[in-house]
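I opened my notebook to go through a structure step by step. Here is what I looked up, in the order I looked.

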Amino acid sequence: SGRVIQNEYNLPPPSGAAGIVTGFISITGSGNMIYASQSHPDGSDHGKALDAFDISTSPPSLVTWAPSGDAGFELRAVNQLVFADFDVFDFSSANPTIVGSFPMVNVQAVQGDQVLALGYHFDYLVIDVSNPSAPVETEDVADIGSENPFFNPNATLGGNNIFVADGQGGELQGRHPPDHGGHLLSLSRVR
């Protein structure tokens, strides 16, 4: 057992941020880095930015930031990559760059160099990040059960499998009980 130690930091906005800086919209982390999205226009028509903070210092220090346009509501760090909605940013240098864009809503799971993302078209994308400067979509797996607009499906990777909790939608196979529109756990294989 242990005890919770809570610290609160008032982090200054990055230099060069123009206009009103709002609170954080979304946050993720990897190692000693946290990445946060917030509104601080960069002087153009971009409304949000991704800030990278080193949490090994006290208080955490801003390492860099990058304008993210409309991206930044859903964040997920995968090593030095930050998935921000549909865009992928590489934060391995002082000048973060977009290294990919995918038709996705958010990252559902990470396993090694494989990222599983919920796609815009009721599908799941498997994105290979073994080359961080050029992530590539390797699979697009249809998931009819996730078409219910009132249900946010959840999925994970397990070995070469994709497991999806589809709520009450989906195909007939795998239903339990079979007669009552039960819950579906879809299983798809990744090559």
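**Entry 1: the opening pair of strands**

In which sense do β1 and strand β2 pair, and over how many bridges? I found that they pair in the antiparallel sense over six bridges. Strand β2 covers residues 33–39. I noted the rule for strands: they are DSSP runs of E with at least two residues, helices are runs of H or I with at least four residues, and both are numbered from the N terminus. Two strands count as paired if DSSP finds at least two bridges between them.

**Entry 2: ground rules**

I wrote down that this is a predicted model, where local features need pLDDT of at least 70, side-chain atom pairs count only at pLDDT 80 or more, and totals for chains, interfaces and linings use all residues. Residues are numbered from 1 along each chain as its sequence is written, and side-chain values use heavy atoms, with hydrogens and water left out.

I then checked the confidence. pLDDT is the predictor's confidence in each residue, from 0 to 100. The protein chain has a mean pLDDT of 75, and 69% of its residues reach 70 or more. Over residues 170–189 the pLDDT is below 50, yet this stretch has 43 contacts in the model beyond near neighbours in sequence. A contact means heavy atoms within 4.5 Å.

**Entry 3: the whole chain**

How many helices and strands does the protein chain have? I counted zero helices and 15 strands. Of its 191 residues, 41% count as buried. Buried means under 20% relative accessible area, exposed means over 50%, and partly exposed lies in between (1.4 Å probe, protein chains only). I also looked at contacts between residues at least 6 apart in sequence: 33% of them join residues at least 24 apart. The accessible surface comes to about 10600 Å², and 51% of that belongs to carbon and sulfur atoms. These areas come from the Shrake-Rupley method with a 1.4 Å probe; for residues, only the protein chains shown count as cover.

**Entry 4: the sheet that holds β1**

I traced an open sheet of four strands in the order β1-β2-β3-β4, with antiparallel pairing.

**Entry 5: one aromatic pair**

Rings of Phe, Tyr and Trp (its six-membered ring) pair if their centres lie within 6.5 Å; planes under 30 degrees apart count as stacked, over 60 as edge-to-face and the rest as tilted. By this rule I got one aromatic pair. Tyrosine 35 and phenylalanine 91 form it, tilted, at 5.0 Å centre to centre with 55 degrees between the planes. The two sit 56 residues apart: tyrosine 35 is in strand β2, and phenylalanine 91 is in the loop between β7 (87–90) and β8 (97–101).

I found another open sheet of four strands, ordered β9-β10-β11-β12 with antiparallel pairing. Its edge strands, β9 (104–111) and β12, each pair on one side only. Here the twist averages 25 degrees from one strand to the next. Strand β11 (residues 123–128) runs antiparallel to β12, and six bridges join them. Valine 126 stands opposite glutamate 139 in β12.

I stopped at aspartate 140, in strand β12 (residues 136–142). Aspartate 140 is partly exposed, with a relative accessible area of 46%. Leaving aside neighbours within four places in sequence, aspartate 140 is in contact with Asp123, Tyr124 and Leu125.

Most residues other than glycine have a negative phi, and most peptide bonds are trans. I listed some exceptions. The peptide bond from serine 58 to proline 59 is cis, with omega near 0 degrees. Proline 59 lies in the loop between β3 (48–54) and β4. Asparagine 79 has a positive phi of about 60 degrees. Aspartate 85 has a positive phi near 55 degrees. Aspartate 85 is in the loop between β6 and β7, and it is buried, with a relative accessible area of 8%.

Note on methods: Axes are lines fitted to C-alpha atoms, for helices over the stretch in contact, and angles run from 0 to 180 degrees between N-to-C directions.
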